[in-house]
Every structure is written in C-alpha cells, then in structure tokens.
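Here are a few friendly notes to read alongside the structure. They go from domains to chains and then to helix pairs.

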Amino acid sequence: MDFKERILTAINHEEPDRVPVMGLILDRATSDRVLGKKPADIGSMLSNPELRDEIKDYMNSSWNDMYYGSWADVLEAAIKLGFDANWTVYAFMQAVEDPESKLGLVLHDVFGRVWELGVDEDGNMMSSYVRGLCTTEEEWDAWVERKRPLYDKLIENVADYHKRLADNYGDRILPIGFAGSGVFENTWQPMGFVNFSKFVYQKPDFVEKVIDFQTDVYLKCLDAVMRSGVEVVLGGDDLSQKTGPFMHPELIERLFGDSYRRVSELVHKRNRKLIWHSCGNIYALLDKFVEWGFDGILTMEPTAGMDLGKVREQVGHKLVLVGNLDVSYLLVRGTQEEVEAAVKKAIRDAAKGGGYILSAAHSHRLVDPTRLKWMIEAAHKYGKYTS
Amino acid sequence: MSGEILEQLKARLLDLDMDGAVELAELVAGGDVRIADAVNAISEGLEVVGQRFQRGEWFLTELVYAGEIARETMDLLSPLMETASSGPLGTVVVGTVAGDLHDLGKDIFINYARSAGFKLIDLGVDVPAEGFVSAVKEHHPLALGMSCLLTTTDSEIGKVIEGLKRQNVRDKVKVIIGGAALTEQFAENAGADAFAPDAVTGTDIIRGWGAS
Ligand code: B12
C-alpha cells in the first residue's frame, strides 16, 4: 500500500496496512533542522533601514515564490521524516512598514489582520496575527472595498500554489490542502475578539454581513484548493480554547452553522473528504461537527483535556480522528519510551477499524525532529493492522 | 423603589442588555438611589456572570460583553462615589510573557477583573522579564499576573520570579499565572502562588488575597 492509499483507506474508516502518519504546519525551525539548512539572519538585516526597505520590496514582489519555497521545504522535510501526508497552506500578505512594531515591518493580510514579524533564537523569521485593522463597521467596509481586486487574485494564487505543490511532491507525499483560516477566524480576527463579542449583541446585521462575505470568499478558496487535484482538504477554525468553545455552541450554530454546512456540501459535491482543524477543548462541538457534515477532525489538543479514547467513544466512526500527540512535553523533551508509549496508546484508543491518522497536536519551533521520527517509527512498528 | 431599580440593574446586566443597564445607571446617577448600592448590585451581577461561565452555561462572548456592560455602567457611577474606601480593590499588573503574542486570555482577564473592581495595569504582550519586575517595583501591586500559552516561552515565568527575588520584591507581591501551556503543577514548580484555569477563578483568587 502506498501513502495515498493508506490515508484514503483510513479516511474511509477501513483498515489500511498500517496506521498512517501526518505532518502539520512544520515550523520553519523544525524543517530547517531536518534539512540541515541555516536560516538567514533576517533579524539583523531588518535592523538596518536600507536593507529593511529592500526586504520589504522583495517580499512584496516575490511573495508567492517565497511562500512556495518555504512550504516546499516543509514537504521535503516531511518526506524525509517519513510522513504519509502533510498539511499545506497558502496565505496572501503584504509587507508594510510599521515603526511601532518590533522589527519595523509587519504583514497585512487581505482580510485585514496584522501579523507581527519576529525572529526566533535560531534567526528564523516568524509571523503571528496580533490585531485587526477593521475595528468598526466603517473600517471594515472601507477595507473590503479597497482590497476587492485582491480577492480574485487570492483565489487564483491559492489554485496555482496548491497545484504547484501537488505536481512537484504529490508522488512522494499526500498534500492535505488547507483553504486558509476559516470563516469564524476571518470574521473575528480583523475586528478583534472583544469588538466581535460586542458586535454580536449590538450590531448583529454587521456580523452577518461579514460572515456572508467571508463564507463566499472561503468557498471559492476551497474550490481553488480542490481544483489543484488535492484529494483531502483541510478546513479549520480555532473554535475552542483551553476550557471549551469560545462561544455558546448554539450561538456558533446560529451564526456559522449554515456557513459550515455549505463548506461540507461543496467538498462532498467534488467527491472529496473534509478534515476540520480546531485547537482547544472541543467536546461540546463534536456533535455539531457531525451535523455540519465534516468527515474528520484534526488536533484534539491534550493540553486542553482532549482524550482520543473519549472522543472515539462520543463520536464512534462518524468522524476520522487525526492528531493528539502532545507538543508541550512529549514531542519536545519526551524520551523514546514515552513517545512509543503515547503512540501505542493513541493506536489502541482510536485506530480500530481505521479512521485514525496519527499526528502531533500542533507545531512550534521546539517540536523536535528526532521525536517526530520516533513517533513515525513507532507507528510503523506498532501500527500494523494484522487482520 | 430603589430596591426595584437595583434588582433591575442586575437583571439587565444578566440579560446582556447594554442599553437597559446604561439607562438604569443614568437613572441612579441622577436620582436618589445610593451609588454604592448600585455598584454593589453590579458586582453581585458579575458574580452570577462568573458562576454561569464556570458552570459552562456561558462562554467567552457572554463573559466579555457582560464585562463591557459592567464597565460602561461603572464608568457612569464611579466618578460619583464619595469615599476613598470604595476605590479599587487593589492593583494588578498583567502581561503576556516574552516571545508569546497570544493576548485574548490576558485581555479577557483584564476586562473581567477590572469590571470586578480591581485597578489593572496592562503591560501588553511579549513582555520581557525585566518589564514585569520593573512594573512591580513601580506600581506596588497586590498581584502580578502572567499569561503564557506556549511551551517555547514557559521558562519566562521562572525568569520573572527569579528577577523579583533578586530585586527583593518577591514577598511583596502575589504571582498568578494562566494560559494553555500551564498547569497547577507548573505554577508550583516555578514558584508562583497560583494557577488560574480561567479569568473568573483568577479574579476570585486575587480577591481572596486582597481580603486577607
Ligand atoms: C487563538 C490561538 C492562537 C491565535 C492567537 C490570537 C491572539 N491574538 O491571541 C494565533 C492563531 C495567532 C495563534 C498563534 C500561535 N499559536 Co496558538 N492558540 C490559540 C488557541 C486556539 C486559543 C488561545 C486563546 O486565545 N484562547 C482564548 C483565551 C480567552 O483563553 P486563554 O488564553 O486560555 O485564557 C483564559 C485562561 O487560560 C485564563 N488566563 C490566561 N492567561 C491568564 C493570565 C492570568 C493572570 C490569569 C489570572 C488567567 C489567565 O483566563 C483566560 C480567560 O478565561 C490555543 C489553544 C488553547 N488551548 O488555548 C492555541 C495554542 C496556545 N497555540 C499554540 C501554538 C503552537 C501557536 C503558534 C506557535 C503556532 C505556530 N506554529 O505559529 C503561534 C504562536 C505565536 C506567538 N509567538 O505567540 C499551541 C501551544 C502549544 C504549546 N504547548 O506550546 C496551542 C495550545 C494550540 C495547540 N493545539 O496546542 N494561536
């Protein structure tokens, strides 16, 4: 059985030759360590104003190639480690000067989010969403109007990017194409969560308008991912945090339920499967995921109390389960015995009858390639289906 | 009459009715209900908000919005308070540790604790250890709160506590921590005084420190 058959069999809740293993957004630091690459010292370059200008111009003129290059590295690293499949993602951003920011430069994405740039201890550039640019309805309207031409461009880029990855790597690993952050995140993040919470009560029409807009763009992105030939697509929204959902599940249903149903319908119309990523404690949403038509879920974060066995008990084989290996200790500092024991437990808890893909619960720069390798080897060793 | 207004004020907060609550607060401000009683009614309402959140009946959106309603009504009432005795319950300095940019948990805690009557000093995200230590020396807070969601940054907590010790202020401030990567056990090992799984519990713990 090859990697593709293995994943697709598991996703159909049948037993492949062995439990498949999937990689996530491998952090740049992790993929560099796997490939033996050294990061360019972007931090000190950015502290020189002339170089900063050059870097900004380079990023803006070569965004797609630069982005593709770093994900090509991720796939190379994932193949080298022995993953059967790996998450692939595209984001469309512009570098903008911002004297208030740490490095003098930030990224703005097409949806109105600001991503702060940082440099990790090895010199890798990192970016993370920190705030929104659309804190009022007027700002949101103006932003969308100004960026309108870019949404078509985004969809074109998504299709090209995923196709390029699938063409170049599809014979060695199964790319699981991510349509970008979901409608919930694209709705609240450009306004900030406190503003979003206020608008839900004070300006429900505005919130609905944003959700409609974001759903429309999201469906087009998802379709573009599928046009690239990707067979399994990944959707995602962090709907939960450490103790439970961000919002009452019924409020999520009322605001986002239709949107999620349309997402599943589109994927199924194209004869694909949809895996959904959410961090946090998601027990209260599992039944919703089934109702909305998702085929599987990815993450099940142990630090938020998610236990694979319990999830399987609650949803049976209505959902494919992907994930659950801890990244707060196990895949950072755990011993080989501990990693093996965790893999065996995950397999015991969730892999019977197929429907389970082993993976880490998330990624960050301290997730250690050696531990990932142990995880994969343990899956090869203990994950064989004998029947 | 005044009892009825106070009950209604609390009820509007618990119905998440901003306009209704603000209208009643204005009525209180211009009328003969004792301001201190109205402030108490809001605090009682917030306690119920906290209980609903901890019981899993309410979620972050409700918690945030109830905090906003409490803040708006308090903004109308606090300037009219007569005595210093009804000033803030104490000062709390809060920030997210160096290298960590997650701010939602910190902000929600700040909103909630502020609406519960504490004075909050927000240091922002990505705060270096020295930043926490010098803020403690400057503001002499009752508690120092640190938010940390990442394994890559959890060693910062220990660094801050060491810094507080070096500057001889560790015994002058209580340290409380929260966030995804942390646990009660972690707090104990790092030498913090408490771990809070959520904003409501955190506020309760600090209230307890203030009272003792
Ligand atoms: C939303 C989110 C993000 C958003 C952050 C948006 C923002 N501006 O804050 C984005 C997408 C940008 C993000 C980025 C990253 N994230 Co993140 N993120 C989350 C997520 C899903 C929810 C966090 C959140 O906002 N919760 C809502 C708030 C209200 O809850 P909270 O923070 O827990 O706070 C509550 C309590 O903990 C407590 N509390 C918190 N702090 C404090 C402080 C005090 C004093 C008190 C009293 C109480 C208290 O009260 C709060 C309210 O009740 C968590 C999952 C999780 N389990 O939490 C992952 C999570 C924290 N992220 C994770 C990771 C790995 C990352 C990235 C490294 C990903 C990457 N590879 O780029 C980056 C890091 C960026 C950086 N340098 O900071 C991992 C961390 C794993 C680990 N062990 O290290 C988590 C746990 C997800 C996972 N599956 O494992 N993330």
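1. Chain B splits into domain 1, covering 2–84, and domain 2, covering 91–211. Please keep in mind that this is a predicted model. Taken over C-alpha atoms, the centres of domain 1 and domain 2 of chain B are 27 Å apart.

2. How do these two domains of chain B meet? Twelve residues of domain 1 of chain B touch nine residues of domain 2 of chain B. Between them the two domains of chain B bury about 970 Å², with 69% of that on carbon and sulfur atoms. On the domain 1 side of chain B, the residues losing the most area to domain 2 are Leu46(B), Gln54(B) and Leu63(B), which together account for 40% of what that side buries.

3. Next, the meeting of the two chains. Chain B contributes 23 residues to the contact and chain A contributes 29 residues. About 2,200 Å² is buried between chain B and chain A, 68% of it on carbon and sulfur atoms. In chain B, the most area is lost to chain A by Phe59(B), Thr61(B) and Thr151(B), together 26% of what that side buries.

4. Within chain A, have a look at helix 6 (residues 137–169) and helix 9 (residues 204–227), whose axes lie 8 Å apart at an angle of about 10°. Helix 6 and helix 9 of chain A are therefore roughly parallel to each other. Helix 6 of chain A brings residues including Trp140(A), Val144(A), Tyr151(A), Ile155(A) and His162(A), while helix 9 of chain A brings, among others, Phe206(A), Val210(A), Phe213(A), Val217(A) and Cys221(A). Sorted by class, this contact of helix 6 with helix 9 of chain A holds 14 nonpolar, two polar and six charged residues.

5. Back in chain B, the axes of helix 2 (residues 18–30) and helix 4 (residues 60–77) come within 9 Å and cross at roughly 20°. Angles under 35 degrees count as roughly parallel, and helix 2 and helix 4 of chain B are therefore roughly parallel to each other. The crossing of helix 2 of chain B past helix 4 of chain B is right-handed. Among the residues making the contact are Met18(B), Val22(B), Ala25(B) and Glu26(B) from helix 2 of chain B, and Tyr65(B), Ile69(B), Glu72(B) and Leu76(B) from helix 4 of chain B. The classes in the contact of helix 2 with helix 4 of chain B come to ten nonpolar, one polar and three charged residues.

6. One more pair in chain B: helix 6 (residues 129–139) and helix 7 (residues 155–166) have axes that come within 9 Å and cross at roughly 40°. That angle makes helix 6 of chain B oblique to helix 7 of chain B. Helix 6 of chain B passes helix 7 of chain B with a right-handed crossing. Ala129(B), Phe132(B), Val133(B) and Val136(B) make the contact from helix 6 of chain B, and Glu156(B), Lys159(B), Val160(B), Gly163(B) and Leu164(B) make the contact from helix 7 of chain B. By class, the residues in the contact of helix 6 with helix 7 of chain B are six nonpolar, one polar and two charged.

How values were computed
Residues are numbered from 1 along each chain as its sequence is written. Chains are lettered from A and ligands numbered from 1 in the order in which they are written. This is a predicted model: local features need pLDDT of at least 70, side-chain atom pairs count only at pLDDT 80 or more; totals for chains, interfaces and linings use all residues. Side-chain values use heavy atoms; hydrogens and water are left out. Axes are lines fitted to C-alpha atoms, for helices over the stretch in contact, and angles run from 0 to 180 degrees between N-to-C directions. Helices (H or I, at least four residues) and strands (E, at least two) are DSSP runs, numbered from the N terminus. Angles under 35 degrees count as roughly parallel, over 145 as roughly antiparallel, 65 to 115 as roughly perpendicular and the rest as oblique. A crossing is left-handed if the near helix is turned anticlockwise from the far one by less than a right angle, and right-handed if clockwise. Contact means heavy atoms within 4.5 Å. Ala, Val, Leu, Ile, Met, Phe, Trp, Tyr, Cys and Pro count as nonpolar, Asp, Glu, Lys and Arg as charged, and the others, Gly among them, as polar. Domain bounds come from an automatic or database domain assignment. Buried area is the accessible area (1.4 Å probe) that two parts lose on being put together, summed over both.
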